[in-house]
Amino acid sequence: MPHPTAPPRIVFAGTPDAAVPSLVALVSSGVDVVGVVTRPDAPLGRKRVITPSPVARKAEELGLPVVKAARLDDDATAQILAFEPDLGVIVAYGGLVRDPLLTAPEHGWINLHFSLLPKWRGAAPVQRALIAGDEVTGAAVFQLVSALDAGDVFDQLTYRPGADETAGEVLAALADSGAQLLADVVDRIADGTAEARPQQGEESLAPKLAIDDGLLDFSRPADEVLARFRGVTPEPGAHTRLAGERFKIHSATRGEGALAPGAVAPAQGGVLVGTASDAIFVDRVQPAGKPAMAADAWYRGLRGDVELGS
């Protein structure tokens, strides 16, 4: 959309893949992205290769100047303010924006958050929504304030996850649709028509997930087990215990029949694992110290019965 006046000078802050569509949408919309802030290069993969963030790679591809900062301290603030931004835009950067940086741009900072605020304020909104069994989630663009994800909302969209969609898949879908929502809000801020309204409803928090949050409890009903599996996939990853060691589960859906909680039985293309209600179907696993493998191949290599969760 063409802007009736000079487009605002925007600093964009983001780090993971989920932030890339927003950066691309802003550049494509014609606004003036004068700088990009992202977290420093980090070790990735089993070989721990030092790798730029997805946002850093995309910014460099687009020819945009990049500031790499683990936190927005005095040095990072000075670098950002040197861009003389009119508006700051943040999408999953991974750090807090505080004064004087928060209020320095004329229009402050706005944030694309992957939940229907005030539900799931915090670092892991999609994951927590799926673990809780929410049937509807979404994304919101709001005015950043010092309190956690508490600012007035400019606009939002809703999304109904599919029965087997994982957090990674839902986040990818919201990253795409949310990018356009964000670009639309920026257009409205630019032409003076943007209106933000206070958040309405009950607040809930979405703290970052730890490895232990990925533990599946087969003594719970299948719906709860699968909700947790979906919420922790791909990160931090779903797992159980087998002979006292972590046993990762990479793919799980609803199965047929019933088994004792944690009991394992062969099935076409995988295995069934018992819960407190119906069994779940698992077709890809990763025993401790081994690569991921087909669950039916793992089962064929067993000597005797096993029980997951032990």
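## An aromatic cluster

Phe247, Trp298 and Tyr299 are linked into a cluster by ring pairs, where rings of Phe, Tyr and Trp (its six-membered ring) pair if their centres lie within 6.5 Å, and planes under 30 degrees apart count as stacked, over 60 as edge-to-face and the rest as tilted. The model is predicted, so local features need pLDDT of at least 70 and side-chain atom pairs count only at pLDDT 80 or more, while totals for chains, interfaces and linings use all residues. Residues are numbered from 1 along each chain as its sequence is written, and side-chain values use heavy atoms, with hydrogens and water left out.

A search of the whole structure finds two aromatic pairs. In one of them, the ring centres of phenylalanine 247 and tryptophan 298 are 4.8 Å apart and the planes stand at 50°, so this pair is tilted. Because phenylalanine 247 belongs to strand S11 (residues 245-254) and tryptophan 298 to helix H7 (residues 295-300), the pair ties together parts that are 51 residues apart in sequence; helices (H or I, at least four residues) and strands (E, at least two) are DSSP runs, numbered from the N terminus. The rings of tryptophan 298 and tyrosine 299 have centres 6.5 Å apart and planes at 65°, which means that this pair is edge-to-face.

Phenylalanine 247 is buried at 1% relative accessible area, and tryptophan 298 is buried at 8%, whereas tyrosine 299 is partly exposed at 23%. Here buried means under 20% relative accessible area, exposed over 50%, and partly exposed in between (1.4 Å probe, protein chains only).

## The seven-stranded sheet

Seven strands form an open sheet of mixed pairing, in the order S5-S2-S1-S6-S7-S8-S9, with two strands taken as paired if DSSP finds at least two bridges between them. Strand S5 (66-68) and strand S9 (153-159) stand at the edges with a single partner strand each, so one side of each has no neighbour in the sheet. From one strand to the next, the twist averages 15°. Strand S2 (residues 32-38) pairs with S5 in the parallel sense over three bridges, and threonine 38 stands opposite lysine 68 in S5.

Helix H1 (residues 20-29) packs on the sheet, touching strand S1 (9-14), S2, strand S6 (87-91) and strand S7 (109-113), and its direction makes about 165° with that of S2. Helix H5 (residues 167-191) also packs on the sheet, where it touches S1, S6, S7, strand S8 (137-143) and S9, and its direction makes about 150° with that of S9. Axes are lines fitted to C-alpha atoms, for helices over the stretch in contact, and angles run from 0 to 180 degrees between N-to-C directions.

## The nonpolar cores

A nonpolar core is a set of buried Ala, Val, Leu, Ile, Met, Phe, Trp, Tyr and Cys residues joined through side-chain atoms within 4.5 Å. The largest has 37 residues, and those with the most contacts inside it are Phe12, Leu26, Val89, Ile110 and Phe114. H5 gives the most to this core, with eleven residues. Apart from this core lies another, of 24 residues, among them Ala238, Val273, Ala295 and Trp298.

## A hairpin and a covered helix

Strand S12 (residues 264-267) and strand S13 (residues 270-273) run antiparallel and are joined by four bridges, with valine 271 in S13 as the bridge partner of proline 266. Two residues lie between the strands of this hairpin, in which glycine 269 takes a positive phi near 80°.

Helix H6 (residues 222-231) is mostly covered, seven of its ten residues being buried.

Notes: Contact means heavy atoms within 4.5 Å.
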